[in-house]
Amino acid sequence: MRIGFDAKRLFLNNRGLGNYARNLLYGLVKYHSDNEYFLFTPRVSNEYVSPGLSNSDNVHVRAPSGIMSLSGAYWRSGRLGNQMKKESMDVFHGLSQELPLDIRKAGAKSIVTIHDMIFLKHPEFYNPIDRWIYFKKVKFAVENADTILAISNQTKNDLVNTFKLKEERIKVVYQSCNEVFYDKRTERELEEVKRKWALPDQFILYVGALNENKNVLIILKALNQLKGKLGIPLVIVGSGIEYKEKLIEYAASNNLSHQLIFAHDLASPSPLELSSFYQLASVFIFPSFYEGFGIPVLESRFSGTPVIASKGSGLDEAGGTSTLYFDPTEEEELAELIEQVIKGEEISDNNVDTFHIENSVTQLMEIYNQL
């Protein structure tokens, strides 16, 4: 089978959408190597993609050439259907909530992954123009795709309610995380990361973007509640200039600056190094107001680190019964859970292997074959 992908974020994005694309392609190449995979991208960068993946014999990268190279965005949104027809694609998969406008010219069956509807659930975090663009892209994609892939039941329900779609058009396939998080790090690896970033013996970990929706400030508010009882630091692996300043200001005004560590101030950890962060942490907290799923929750679970996550979105699907949950507006509740975990209450996790990448891509391949 010849399967094409919108690979813009696979090459150019180092956050959730990029990680989703890279993990998915890695799993397909590893476990379903009898197909040909075509990566359509307006620009190629190997900053986030391992050479072993993009150089595989059955992986073919396609970027605009000639006059089209002057406008990669136009090529991706308006000319990709023609490109796919020339390449004789059997299936095209839009990995990040959109399909090219000329998808009907492709002569291929189409599938689109919808990750979340945060821009509608929490419009206060987006400017009106961005909300309008996101809505138009998702609306076009779900109306024109042969199959819609949702990364969680939460996202499926949001799509059904927003666009009045028939449920049978939507398939739910949970995503996984990089396989590096499946394995235990050696003592040497852990010690190297601990020394490089000067990590304390005990710490709370947050991994992800720094913006209003991620709600990281509530962790500092919980630490403020625990002042005098528990002085555990918060280590943040993630970036976002404006929100970072907000965290720094709050910490300074509440005498918490000594408990706030930004890993990116030194260096951005590789996936292998990040797995050591998880395994060194006392607890991982993911306090977002809303998520379609939550890959960092899986990374922590595979790492064997206790997880505390917010209620009210797809995080309970990623976290399962082994995760502790709190109201993302209640710092007192979060403070109680932090204290509970640090005091050593055991949290067993027996079903994380159901999220192994092999399971995800096998389900996805069944959908491709059905198409």
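This is a predicted model: local features need pLDDT of at least 70, side-chain atom pairs count only at pLDDT 80 or more; totals for chains, interfaces and linings use all residues.
Helix H7 gives the most to the lining of the second largest pocket, with four residues.

The elements that give two or more residues to its lining are helix H4 (72–78) and helix H7 (128–144). The lining of the second largest pocket counts 13 residues, and Ser77, Glu98, Leu99, Leu101 and Lys137 are those that lie nearest its centre. By class, this lining divides into seven nonpolar, one polar and five charged residues.

**The cavity**

Rolling a probe the size of a water molecule over the atoms shows where empty space is left. The structure holds one cavity of 30 Å³ or more. The largest cavity contains about 110 Å³ of space. Its lining includes Tyr20, Asn23 and Leu24, together with Ile357, Ser360, Val361 and Leu364. Leu149, Val173, Tyr174, Gln175 and Ser176 also line the largest cavity. Helix H2 (16–31) and helix H16 (357–370) each supply at least two of the lining residues. H16 has the largest share, four residues. No charged residue is found in this lining, which divides into eight nonpolar and four polar residues.

The two spaces can be set side by side.

| Space | Volume | Lining by class |
|---|---|---|
| Largest cavity | about 110 Å³ | eight nonpolar, four polar, no charged |

**Helix H2**

H2 also deserves a look as a helix. What span should its 16 residues have? At 1.5 Å a residue the answer is 22 Å, and the end C-alpha atoms of H2 are 22 Å apart, which agrees. The buried residues of H2 are Gly18, Tyr20, Ala21, Arg22, Asn23, Leu24, Leu25, Gly27, Leu28 and Val29. Among them, Tyr20, Asn23 and Leu24 are buried and also line the largest cavity. An α-helix has 3.6 residues a turn, so residues three or four places apart point the same way.

**Strand S5 and its partners**

Strand S5 covers residues 109–114 and is mostly covered, with five of its six residues buried. Strands of a sheet pair through backbone hydrogen bonds, either parallel or antiparallel. Strand S4 (residues 91–94) runs parallel to S5, and four bridges join them. S5 also pairs with strand S6 (residues 147–150), in the parallel sense and over four bridges.

**The six-stranded sheet**

Six strands form an open sheet with parallel pairing, in the order S10-S9-S8-S11-S12-S13. Which strands stand at the edges? They are strand S10 (260–262) and strand S13 (324–326); each has a single partner strand, so one side of each is left without a neighbour in the sheet. Neighbouring strands of this sheet are turned by 25° against each other on average, direction ignored. The partner of S13 is strand S12 (residues 307–310), with which S13 pairs in the parallel sense over three bridges. Ser310 stands opposite Phe326 in S13.

**Asn255**

Asn255 sits in the loop between helix H11 (241–253) and S10. Is Asn255 buried or exposed? Its relative accessibility is 57%, so Asn255 counts as exposed. Along the chain, Asn255 and Leu165 are 90 residues apart, and their C-alpha atoms are separated by 51 Å.

Definitions and conventions
Residues are numbered from 1 along each chain as its sequence is written. Side-chain values use heavy atoms; hydrogens and water are left out. On a 1 Å grid over the protein atoms alone, a cavity is a set of points where a 1.4 Å probe fits but cannot get out, and a pocket is an open set with protein on both sides within 12 Å along at least five of seven lines; lining residues have an atom within 4 Å of a point. Grid points are joined across faces, edges and corners, and a volume is the space filled by probe spheres set on the points. Ala, Val, Leu, Ile, Met, Phe, Trp, Tyr, Cys and Pro count as nonpolar, Asp, Glu, Lys and Arg as charged, and the others, Gly among them, as polar. Buried means under 20% relative accessible area, exposed over 50%, partly exposed in between (1.4 Å probe, protein chains only). Two strands pair if DSSP finds at least two bridges between them. The expected span of a helix is 1.5 Å times one less than its number of residues. Axes are lines fitted to C-alpha atoms, for helices over the stretch in contact, and angles run from 0 to 180 degrees between N-to-C directions.
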